[in-house]
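This briefing is for a reader who has not seen the structure before. It goes through one topic at a time, in short points.

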Amino acid sequence: MASSRIEELKRQKKMEVSKKRNQIPYAILLTIAVLIIYLIITKYQITFGNYWVIGILLGITIQRSRFCFVASVRDPIMVGSTSLLKAILLAFIISTIGFFIIQYNAIASNPDIRIQEIPGQFSPVGIHTAIGAVLFGIGMVMAGGCVSGTLTRLGEGYAINLVVLVGFIIGSILGTKHFSFWDKLLISNAEAIYIPEYLGLFPTLILQLALLCVLYYIAHWYDKKSNIMASTM
Amino acid sequence: MGLYYKIVKKPWPYWVGGILLALLNISLLLITGSVWGVTTGLLYWGLFIIESLGANPASWYYFNVYSPGFRGGYTLILNPHSVLNIAIIIGALLAVLWANQYKFKKIKNMKQIFFALAGGILMGYGSRLSFGCNIGAYFSAIPSFSLHGWVFGVFIFVGAYIGTRILYKYII
Amino acid sequence: MAEYKLDCLHEVCPIPLLKALKSLEKMEIGDILIMHTDHNCSIANVVEWTKKQGHYIDYIEIAEGEWEIYIEKAR
């Protein structure tokens, strides 16, 4: 959507712009290096090769789609746009179905499975989760990038994200060092809660998918109507 | 030219990114048995650094409760978490180079450094309390049907609200 | 029908978007804002937000990883 004046400005600028330096040779060299590294680490440990390939694809996807977890929670608050939040909810809907199938097969093949052995990510839940999430949320908005975003931006050439990374590592070390305090206060009383243990695997699946769809609809509606902080700035 | 431009130069729509990230996370769980997480790998790098400086983090309380439990051939630097994190950096670099859009971006001023460092420390500390960041404790936890993912998902909005207030007050 | 220039080089997200938003508020209908940015996300989030607001927008790449974004205030 461009007006005639914008077209004119673009045309003028295009004539001024000198020929760009070609980065494709570097791209080809790096692609070859990535393949060679794949061969080397697969030989060292086969699982490393799998992590390598998926990591490369994750990096490409995040960069190419400008995917940003910070913007997904910040932009609804700041400028009222939820397109990234909707993309994440969509990702949740797909991965919920995928994880469900994997967990279903694991449980079917071993009915006595313990929670820790179910494929997925389970951690104790409690007030510490909330405190951690709030600190994390403040930090990522201040730094302008979450952790995966920081890694991606390092690849994109942002020097500032090296500072974020250093800060993150310092914070992690401090958090690990203080862990006994938080553990005695909160975490040791908390357990990981696997929702299907209480509701059953199928009902949980249906409930979660329904909830995600409702959230998607709300996000869609919210985007259409709002601009909150921007108008009060 | 059209297809090259669309795939390599123009940003993909966010929803395409969302679908691909979901599929990659499912593939990761299917192939390796573990989900996408970022923070553990970075913690190990930190441990490696302070260990080289002479500290002994292995004696810390945290590792009595949650031992890294390295298998043979894994170290603080050579482990799946590290491989995944480095691959993400290289993957992003690869995508920018193919788009002919790589540019090294300098740090602008001290204020930027301060906010980057403070934000990073808050994220690092927070991610230890919540057992992961927005990837491990949110993006991978919710589809695992673990309650902590949903708690994290709600409270990250509270944090982002406070963060946005700080942004308006001190940065703009 | 004025033209305003906005330098957003080396800025961290979401500063380019907020700067654009602030400038647009002060501008008259028909004025054009020319943003110079090297933030990869600007060509996604600034473009999206501006379109949602109903302004005219387009951009071109002026160097490797640098763009000029043109916004004409429409309402």
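Chain A contains 12 helices and 2 strands. The model described here is a predicted one. Read from the N terminus, the order of elements in chain A is α-α-α-α-α-β-α-α-α-α-β-α-α-α.

**Overall form of chain A**

- The C-alpha trace of chain A extends over about 70 × 55 × 40 Å along its principal axes.
- Chain A has a radius of gyration of 23 Å, whereas a compact globule of 233 residues would have one near 17 Å.
- Of the 233 residues in chain A, 47% count as buried.
- Among contacts in chain A with a separation of 6 or more, 62% are made by residues 24 or more positions apart.

**Where chain A meets chain C**

- The contact between these two chains involves 25 residues of chain A and 23 residues of chain C.
- On the chain A side, the elements that give two or more residues are helix 1 (4-16) and helix 4 (69-78).
- Helix 1 of chain A supplies the largest share of that side, with 6 residues.
- By residue type, the side of chain A that touches chain C is made up of 11 nonpolar, 5 polar and 9 charged residues.

**The two domains of chain B**

- Chain B is split into domain 1, covering residues 1-103, and domain 2, covering residues 104-172.
- The C-alpha centres of domain 1 and domain 2 of chain B are 17 Å apart.
- Across the boundary between them, 7 residues of domain 1 of chain B are in contact with 10 residues of domain 2 of chain B.
- The domain 1 side of this boundary in chain B consists of 3 nonpolar, 3 polar and 1 charged residues.

**A hairpin in chain C**

- Strand 3 (residues 56-63) and strand 4 (residues 66-72) of chain C run antiparallel and are joined by 7 bridges.
- Within this pairing, Asp58(C) is placed opposite Tyr70(C), which belongs to strand 4 of chain C.
- The hairpin formed by strand 3 and strand 4 of chain C has 2 residues between the strands.
- In that hairpin of chain C, Gly65(C) adopts a positive phi near 70 degrees.

How values were computed: Residues are numbered from 1 along each chain as its sequence is written. Chains are lettered from A and ligands numbered from 1 in the order in which they are written. This is a predicted model: local features need pLDDT of at least 70, side-chain atom pairs count only at pLDDT 80 or more; totals for chains, interfaces and linings use all residues. Helices (H or I, at least four residues) and strands (E, at least two) are DSSP runs, numbered from the N terminus. Ala, Val, Leu, Ile, Met, Phe, Trp, Tyr, Cys and Pro count as nonpolar, Asp, Glu, Lys and Arg as charged, and the others, Gly among them, as polar. Domain bounds come from an automatic or database domain assignment. The radius of gyration is taken over C-alpha atoms; the globule rule is 2.2 Å times the number of residues to the power 0.38. A residue is buried if 20 or more other C-beta atoms lie within 10 Å of its own, exposed if 12 or fewer, and partly exposed in between; C-beta atoms are placed from the backbone. Two strands pair if DSSP finds at least two bridges between them.
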